[in-house]
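Here is a short briefing to read alongside the sequence and the 3D view.

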Amino acid sequence: MEKENKKILLVEDDQNFGAILKDYLMLNDFDVVLAKNGMEGFEKFKKDNYDLCILDVMMPYKDGYTLAKEIREKNKEIPIIFLTAKTMKEDVLKGYKVGADDYLNKPFDSEVLLMKIKAIIQRKSSETKPENVKFEFQIGQFHLNSKLRFLTFPGQEPIKLSPKENELLKMLALYEDDLMPRELALTKIWRDDNYFTSRSMDVYIAKLRKYLKEDPKVEVLNIHGEGFRLVVHK
């Protein structure tokens, strides 16, 4: 039986760019429906089932943020990626607050977008299937049970993590070898992104690094201005 292609709603007001991106994604085995503005995008969203939405931010009639809010009212789980020429931190944060899973600044490498799409769809499918809800993670020699909040290292007493330590390490583990955006972690775990919550997260990252130093192959990298990346060296 042939595997069904994942379906993407692409909403982009630059018709040339939209057509090129649609063709590229279809060459990589995605079914793509292209809409040229937010109003048309929402109409198409209501009429079909999609696995992921890619939304331009700056569009006539209805911008990407407004469209994302409307999509979220209909479907809380569907992944959303924003494409934007705007690089202000406030705009990125606004995107995450309306439910974005990721954010790409134009111009971007199409291969990076493709990798993000595949990673997000894979992550979402494992999160949303009840039988596959993941709460146990192997991080190098460490074992994390996020349900019990225990971090275990062979031959040592388990560490009982605080709720925020647990959520942060779980998110890092879900994003292993990929960038965990700072703003996304702050809005999901701290429900806010300001100077104080940002400093608080840095303190928690330092605590996690202290716990994880028992295994020299495990490292939490700071990606300057972007976020963090959990790496397990081979």
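Let's begin with L104, which is found in strand β5 (residues 102-105). Please keep in mind that this is a predicted model. From the strand we move on to the aromatic rings, and then to the helices.

**L104 and its surroundings**
- L104 has 8% relative accessibility, and because the cut-off for buried is under 20%, L104 counts as buried.
- Leaving aside residues up to four places away in sequence, L104 touches F82, L83, T84, V112, L113 and K116.
- V92 and L104 are 12 residues apart in sequence, and their C-alpha atoms are 9.4 Å apart in space.

**Aromatic rings**
- How many aromatic pairs are there? The count comes to seven aromatic pairs.
- One of them joins F45 and Y50: the ring centres are 6.2 Å apart and the planes are at 15°, so this pair is stacked.
- Both residues of that pair, F45 and Y50, are buried.
- Y96 and Y103 also form a pair, with 6.2 Å from centre to centre and 50° between the planes, and this pair is tilted.
- Y96 is buried, and Y103 is buried too.
- Ring pairs also tie Y65, F82, Y96 and Y103 together into a cluster. F82 in that cluster is among the residues that L104 touches.

**Charges over rings**
- The charged end of K160 sits over the ring of F150, at 5.0 Å from the ring centre.
- K207 lies over the face of Y204, 5.0 Å from the centre of the ring.

**Helix α7**
- Is α7 mostly covered or mostly open? Helix α7 is mostly covered, with eight of its nine residues buried.
- The buried residues of α7 are R182, E183, L184, A185, L186, T187, I189 and W190.
- These buried residues pack against α4 (89-97), α6, β10 (180-181), α8 and β12 (227-232).
- Just after α7 comes R191, which takes a positive phi of about 65°.

**Where α7 meets α8**
- Helix α7 (residues 182-190) packs with helix α8 (residues 195-212) at an angle of about 95°, and their axes are 11 Å apart.
- The two helices, α7 and α8, are therefore roughly perpendicular to each other.
- On the α7 side the contact is made by R182, A185, L186 and W190, and on the α8 side by T197, S198, R199, S200, M201, D202 and Y204.
- Sorted by type, the residues of this α7 and α8 contact are five nonpolar, three polar and three charged.
- T197 lies in helix α8 and, at 13% relative accessibility, counts as buried.
- Leaving aside residues up to four places away in sequence, T197 touches L186, W190 and D192.

**Where α6 meets α8**
- Helix α6 (residues 163-174) packs with α8 at an angle of about 75°, with the axes 10 Å apart.
- That angle makes α6 roughly perpendicular to α8.
- From α6, the residues K164, E165, L168, L169 and L172 meet M201, Y204, I205, K207, L208, Y211 and L212 of α8.
- This α6 and α8 contact has nine nonpolar residues, no polar ones and three charged ones.
- M201 and Y204 of α8 take part in the contact with α6 and also in the contact with α7.
- K207, a residue of α8 that meets α6, lies over the face of Y204.

Technical notes
Residues are numbered from 1 along each chain as its sequence is written. This is a predicted model: local features need pLDDT of at least 70, side-chain atom pairs count only at pLDDT 80 or more; totals for chains, interfaces and linings use all residues. Side-chain values use heavy atoms; hydrogens and water are left out. Axes are lines fitted to C-alpha atoms, for helices over the stretch in contact, and angles run from 0 to 180 degrees between N-to-C directions. Helices (H or I, at least four residues) and strands (E, at least two) are DSSP runs, numbered from the N terminus. Angles under 35 degrees count as roughly parallel, over 145 as roughly antiparallel, 65 to 115 as roughly perpendicular and the rest as oblique. Contact means heavy atoms within 4.5 Å. Ala, Val, Leu, Ile, Met, Phe, Trp, Tyr, Cys and Pro count as nonpolar, Asp, Glu, Lys and Arg as charged, and the others, Gly among them, as polar. Rings of Phe, Tyr and Trp (its six-membered ring) pair if their centres lie within 6.5 Å; planes under 30 degrees apart count as stacked, over 60 as edge-to-face and the rest as tilted. Buried means under 20% relative accessible area, exposed over 50%, partly exposed in between (1.4 Å probe, protein chains only). A charge sits over a ring if NZ of Lys or CZ of Arg is within 6 Å of the ring centre and within 35 degrees of the ring normal.
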